[in-house]
Amino acid sequence: MAATTLVTGSPTARADAARFIAQASFGPTDRDVDRVMAIGYGPWIDEQSTRSTALARTYVERMKTLNGTVGRGDVTNAIWNLMLTSDAQLRQRVAFALSEIFVISLDDGGIHSEPRAAAAYYDLLAAKGLGNFRTLLESVALNPLMGRYLSHLGNQKANLVTGRVPDENFAREVMQLFTIGLYELNLDGTLRRDSGGRPIETYGPDDVAGLAKVFTGWSWSCPTFPADQCFLANSPTGLNDADTALKSMLGYPKYHSTDEKRFLGVTIPAQSTANPGASLKVALDTLFNHPNVGPFIGKQLIQKLVSSNPSPQYVAAVAAAFNNNGAGVRGDMKAVLKAILLHAEARTTSTTSGKVREPILRLTAFTRAFPFRSISGNYIVGATTDAALQLNQTPLSAPSVFNFFRPGYVAPESLAAARGMVAPEMQLVGDTSAAGFGFFMRQTIERGVGQTGTTGTRDIQLDYSAELALADKPASLVARLNERLCYGTMPSTVATAIQAAIEKIAIPALASGGTNQATVDQQKRKRVNAALLITMLSPDFIVQK
């Protein structure tokens, strides 16, 4: 196919820059918009890709030093901190997207019992997410927390006497979720079909069984490798290395299957001497080079960053960038990200473009839209999982390996469904969570973000000074919120409705001598709060255009 021309120049309007930053970060700030306006879209991606980032693990370790102990809440706060404050916004945004593809979850006891390692897994996604997909895939496959979550850590070869067979969990999910999906795809992400019009499955039970043999013999990296006690340990505790859970798993020949391994049209011959590393290389190379990977992973990243319903042409352009970055390199994730963010379909809007913001991204975009500070300096947001009172979502805490929502989810009885469109993030929306988000945002606008400290004040406080200065100019206030939160996409009818609503909150004239100053200030704040809440609940914010 012909090379796709990318939109690499500078935006003509600040709203265009803000919309781009909204796709590539956790929410635009004035500084971000200024930078894109100054250097352009493509150079901004180049600049971001070279930026180093703070580590979630460092945050967790600092909390351990301060408090003597750490838990899953510290991992969550470490991620919130990076989302809100990191200068490497693109790298962190990609890490979050990848955490919803290569899922591990703090809801699992085997994950939240190792908070340093859980934070380090998130750091891995940030470090590798703009590199090569093959490197990322191997790092994920050998991560001991992934090994715990999908049960290939300590997976043993078959035993004909006891009837034991290799655990197939990771072998199945690495194909279904991490690389190739269930059905063969064309370059543009559409299904390939057989002569009878049926979708063609990418793998079957025999492929899973064959691949499962590859993932036998992998366990903890510890000083006495390859001793049995290392391989068989249920926990890294007691293995005489505090960093065991941070290190890639090692292959233990004693426990690795030497049987012939057949999967995806490839055969690894029976081994006279067990060689887990050689088996792994063949398996990961086979998966990496499968023609499905580009459209399968590329489309999901488009959905997570830009649009739930990309056109086949858009998907094909991204998949082509995955297959060849222009210099003959396959799997270059920076090239993939450029193809996603700089495609013409990403830089324009239509009736089918955009995506519903998942709740985490609503909160980060809201917070970053205004000056903010953490009273503790630690950004103590905490868990936000409660559907009735919070966001129905907490970072790195999906309910299963299938994430919080599936990429092909169709919202029942919706206009999108009637038009044949998917709306993945709508899987998180129901009567309870919709009302809960409204309650959560009302509390957040009034009191701040995060948990309440010893002073009774929420940890992250936002500065609405600019908005309060416009409280007695309702049209100007609504225009500012359109700019800050909707990036200029709010229809005039919505703006007029919000203006009419907030004008009902009366602001008295300031009395002589300022004797009613407190009342005036209170009413101004009520008007700003109302304008913020209505805007946050409007489709023009909820849907990222």
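User: How many of the residues of strand β8 (residues 458-462) are buried?

Analyst: This is a predicted model, in which local features need pLDDT of at least 70, side-chain atom pairs count only at pLDDT 80 or more, and totals for chains, interfaces and linings use all residues. Residues are numbered from 1 along each chain as its sequence is written, and side-chain values use heavy atoms, with hydrogens and water left out.

In strand β8, 4 of the 5 residues are buried, and the strand is mostly covered. Buried means under 20% relative accessible area, exposed means over 50%, and partly exposed lies in between (1.4 Å probe, protein chains only). Strands (E, at least two residues) and helices (H or I, at least four residues) are DSSP runs, numbered from the N terminus.

The partners of β8 come next. Strand β6 (residues 372-374) pairs with β8 in the antiparallel sense over 3 bridges; two strands pair if DSSP finds at least two bridges between them. Here F372 stands opposite L462 of β8. Strand β7 (residues 449-452) also pairs with β8 in the antiparallel sense, over 2 bridges. The bridge partner of T452 in β8 is R458. The hairpin of β7 and β8 has 5 residues between the strands, and G456 takes a positive phi near 85 degrees there.

Other parts of the model can be described in the same terms. P28 is placed in the loop between α1 (14-24) and α2 (30-39). P28 counts as buried because its relative accessibility is 6%. Although P28 and R368 are 340 residues apart in sequence, their C-alpha atoms are 6.6 Å apart in space. Not counting residues up to four places away in sequence, P28 touches A18, I21, A22, V33, R368, A369 and Y487, where contact means heavy atoms within 4.5 Å.

Helix α11 (residues 169-176) is another covered element: 6 of its 8 residues are buried, so the helix is largely enclosed by the rest of the structure. The buried residues of α11 are F170, A171, E173, V174, M175 and Q176. They pack against α9 (133-141), α10 (144-149), α12 (205-214), α14 (276-288) and α15 (293-305).

Finally, D332 is located in the loop between α16 (312-323) and α17 (333-341). Not counting residues up to four places away in sequence, D332 touches G131, N132, F322 and N325.
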